[in-house]
Structure formats: C-alpha cells, structure tokens
Amino acid sequence: MDIYLRDNTKKIGLSLTEQQLEMFRLYYENLTEWNKVMNLTAITEEKDVYEKHFMDSLMIFRILPPAQWETGLTLIDVGTGAGFPGLPIAICMPQIQVTLMDSLQKRVRFLEDTIGKLGLENVTAVHARAEELARKDGYRDHYDLSVSRAVANLSTLSEYCLPFVKPGGQFCSYKTDSVSEELEKGRKAIRTLGGGEPKVDYYTLPGTDYHRSLVLVPKTGATPRKYPRKAGLPAKEPL
C-alpha cells in the first residue's frame, strides 16, 4: 500500500518520504490493534484503510495545494474520531500545528498513543465538545483552517466548526457526492455564522468507485457570540 499512497499523493502535489510512509504503516497497525478492544472504525482491511481513510483525508490538497500550507498555519479537526482527516494531514505537513478534538475520552487516549508512537511534535489531542471548546480563548477565532469528516448535516457542522476559524480562514467539510441538497439547506447557517459562499469539489477516490466531495467555506466575518449554542442544540435544531 506504500506504492498506492506514494503514487496517488504525488498527483495532488505531495511527495511523501520513506519516514512519512512508515508513519502511515504504524498508524494503520496501531489503529487495528486498538480497534480490537474499542470501536474506532468499521473499516479495518489495510487496502480499505489506505483508500477510504488515509487517501480520503489527504484529498483536501486538491483544493488547497501543498504550496499554500505555510509554516505557522493552524488547523483543528472537529470530531476527529480515529484521527481523520487531521492526523494524515499532520503527517504530511510537519510545518503546521494540528489540534485533534473529540468528545470521547477513550478516542483521545488512542490519538495520544498514536501521536507518541509516530513521534509527531506538531499535533495535540483535546478531549472536548465543540459547543464548549469554541467558546474558550485560544480556540475561538484562532485557526486558519477547520476540517471535519464527522457524520452530521452541513448546518450542524458549520455551527460546530466556523466559530473556531479566524476571519480570513476556511472550513472544509468532507462529504459524499450527494451534497447539493444539504448545501442548499446549509447556506443560511453558513451566512449566519460568518461564512461566505461555499465551493464544492467532487472527486472519486483513487483506485475505487467511491464518490466524495469537499465543501470549502471561507470565513468572511465574525461568528456572533451566541454561537455555538449549548450542547446538543446544533444537532437537534440545525440553523
């Protein structure tokens, strides 16, 4: 799978070193080991993990080319789960600072163990709910980029993610290719939360017939202080 990852990341502007490829191998091994005792992912076959987790996480470089990722850029992965997409991005971009946020403590323990085994110094894992963390100094309006592969509608994800982004930054949501209706419903929420007009990039995962999309939302203004609303409301009552 090293060849698959190396060759297909080259097509989106990445040149992975042997050390980075080894990190992905270690990540896969640790993921499957922890998955024996806790539910991190239903996808466990090596080929599937490389295609549907690792490669999918890195497809953001289709719309934000590697040359744009400057030293000092800050990224938060909201609802990161087993570390996707934030951890694969961090492996490929050691010059940026990545925060992995999840609401489940045991997933954060897995992430901390993986970060340690990979020797990554540019990643921090945080146990928190987005509705609470986004109200704290040092997190709100702090990040250049917020990303999420979490399973939620775009309106809800925007309320979770846009408050973390500084004006001039961006929010990127990983979605299926059937995102158009969701996008129409989400435009009001995006505007309310300080976001601009979304851009959608459709793609097929290399080596598969798996159709996906990326929704890139610019942060054009401040998010009103009343957002995000208290825990549970963004999901229960989307804007």
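1. The side chain of Asn122 reaches the backbone oxygen of Ala90 at 3.3 Å. A polar atom of that Asn122 side chain also lies 3.1 Å from the backbone oxygen of Ile96. Please read both distances as coming from a predicted model.

2. Where does Asn122 sit? Asn122 is in the loop between helix H5 (105-118) and strand S3 (123-127). Asn122 counts as buried because its relative accessibility is 5%, and the cut-off for buried is under 20%.

3. The surroundings of Asn122 deserve a look. Neighbours within four places in sequence are left aside here; beyond them, Asn122 is in contact with Ala90, Met93, Pro94, Ile96, Gln97 and Val98.

4. Leu64 is placed between H3 and strand S1 (74-78). Its relative accessibility is 7%, so Leu64 counts as buried. Setting aside neighbours within four places in sequence, Leu64 is in contact with Trp69, Leu145, Gln170 and Leu216.

5. In sequence, Leu64 and Ile12 are 52 residues apart. In space, their C-alpha atoms are 9.5 Å apart.

6. How many disulfides does a search of the whole structure find? The search finds zero. Cys92 is in no disulfide, and the nearest cysteine sulfur, that of Cys172, is 15 Å away. Cys172 is in no disulfide either; for Cys172 the nearest cysteine sulfur is that of Cys161, 10.0 Å away.

7. Are Cys92 and Cys172 buried or exposed? Cys92 counts as buried because its relative accessibility is 7%. Cys172 counts as buried because its relative accessibility is 0%.

8. Now the largest pocket. Its space comes to about 800 Å³. The lining has 34 residues, and the closest to the pocket centre are Gly79, Arg149, Ala150, Val151 and Ala152.

9. Which elements give two or more residues to that lining? They are helix H3 (46-58), strand S2 (97-102), helix H6 (130-133), helix H7 (154-161) and strand S5 (165-176). S5 gives the largest share, three residues.

Technical notes: Residues are numbered from 1 along each chain as its sequence is written. This is a predicted model: local features need pLDDT of at least 70, side-chain atom pairs count only at pLDDT 80 or more; totals for chains, interfaces and linings use all residues. Side-chain values use heavy atoms; hydrogens and water are left out. A disulfide is a pair of cysteine sulfur atoms within 2.5 Å. Buried means under 20% relative accessible area, exposed over 50%, partly exposed in between (1.4 Å probe, protein chains only). On a 1 Å grid over the protein atoms alone, a cavity is a set of points where a 1.4 Å probe fits but cannot get out, and a pocket is an open set with protein on both sides within 12 Å along at least five of seven lines; lining residues have an atom within 4 Å of a point. Grid points are joined across faces, edges and corners, and a volume is the space filled by probe spheres set on the points. Helices (H or I, at least four residues) and strands (E, at least two) are DSSP runs, numbered from the N terminus. A polar contact is a pair of N or O atoms within 3.5 Å; within protein, one must be able to donate a hydrogen and the other to accept it, and residues adjacent in sequence count only if both atoms are side-chain atoms. Contact means heavy atoms within 4.5 Å.
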